[in-house]
Amino acid sequence: AAVLSGARDATTDQLLLVDVTPLSLGIETEGKVMSVLIKRNTPIPSSHKKTYTTVHDYQQSVDIPIYEGERSCVDGNNLLGEFTISGIERAKQGVPKIIVSFDIDSNGILSVSARDDVTGSENSVQIKNRGRLSPEEIERMVEDAKKFEKDDAARLEVL
């Protein structure tokens, strides 16, 4: 607060302010599971990639819903956007490799892309309106994640 208000002294001169992600960012996978690519409080700018695959034989497209939140199931998280990647490798389930990338720039703009490793097909979306949640809403989401942690774990075991 002292740095932001301009009250500078020997103590505050050595402080470094770093922007971080207020909530974890990820995508929805089979069974409404949140697969986190960028964890809460990660400094920005930041880039992370993860490889996913298909759940059905000869699947030609995959929907990529993007969420922020701390719940292990997306039901309690905030949907930021989504897109579809088409033209993926026609193969048995589990064979195609789809690389999903999350990039947050220094302005907090989130770019999400997905690319099929074999066909090269790709699609992406840019999410500029992050920060819609107030600090109170973010805190509530973090508290809810703690409150429902056991319920979410039990639900994941069923999957």
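## Nonpolar cores

A nonpolar core is a set of buried Ala, Val, Leu, Ile, Met, Phe, Trp, Tyr and Cys residues joined through side-chain atoms within 4.5 Å. Buried means under 20% relative accessible area, exposed over 50%, and partly exposed in between (1.4 Å probe, protein chains only). This is a predicted model: local features need pLDDT of at least 70, side-chain atom pairs count only at pLDDT 80 or more, and totals for chains, interfaces and linings use all residues. Residues are numbered from 1 along each chain as its sequence is written, and side-chain values use heavy atoms, with hydrogens and water left out.

The largest nonpolar core has 21 residues. Ile27, Ile64, Ile66, Val100, Phe102 and Leu110 have the most contacts inside it. Two or more residues each come from strands E1 (25–29), E2 (33–38), E4 (61–68), E5 (78–86), E6 (98–104) and E7. E6 gives the most, with four residues. A second, separate core has five residues, among them Leu23, Ile138, Met141 and Val142. Helices (H or I, at least four residues) and strands (E, at least two) are DSSP runs, numbered from the N terminus.

## The four-stranded sheet

An open sheet runs in the order E3-E6-E7-E8, with antiparallel pairing. Two strands pair if DSSP finds at least two bridges between them. Strands E3 (46–52) and E8 (122–127) are the edges, each pairing on one side only. E7 and E8 pair over six bridges.

## Alanine 114

Alanine 114 lies in strand E7 (residues 110–116). It counts as buried because its relative accessibility is 0%. Asparagine 123 in E8 stands opposite alanine 114. Contact means heavy atoms within 4.5 Å. Leaving aside neighbours within four places in sequence, alanine 114 is in contact with residues including Ile64, Phe83, Ile85, Val100 and Asn123. Isoleucine 85 is 29 residues from alanine 114 in sequence, yet the C-alpha to C-alpha distance is 6.7 Å.

## Helix H2

Helix H2 covers residues 135–147. Its 13 residues should span 18 Å at 1.5 Å a residue, and its end C-alpha atoms are 18 Å apart, which agrees. The expected span is 1.5 Å times one less than the number of residues.

Ile138, Met141, Val142, Asp144 and Ala145 are the buried residues of H2. They cover an arc of only 160° around the axis, so they sit on the same side of H2. The arc is that of the directions from the helix axis to the C-beta atoms. Pro135, Glu136, Lys146 and Lys147 are exposed on the other side. The cover over the buried residues includes E4, E5 and helix H3 (149–158).
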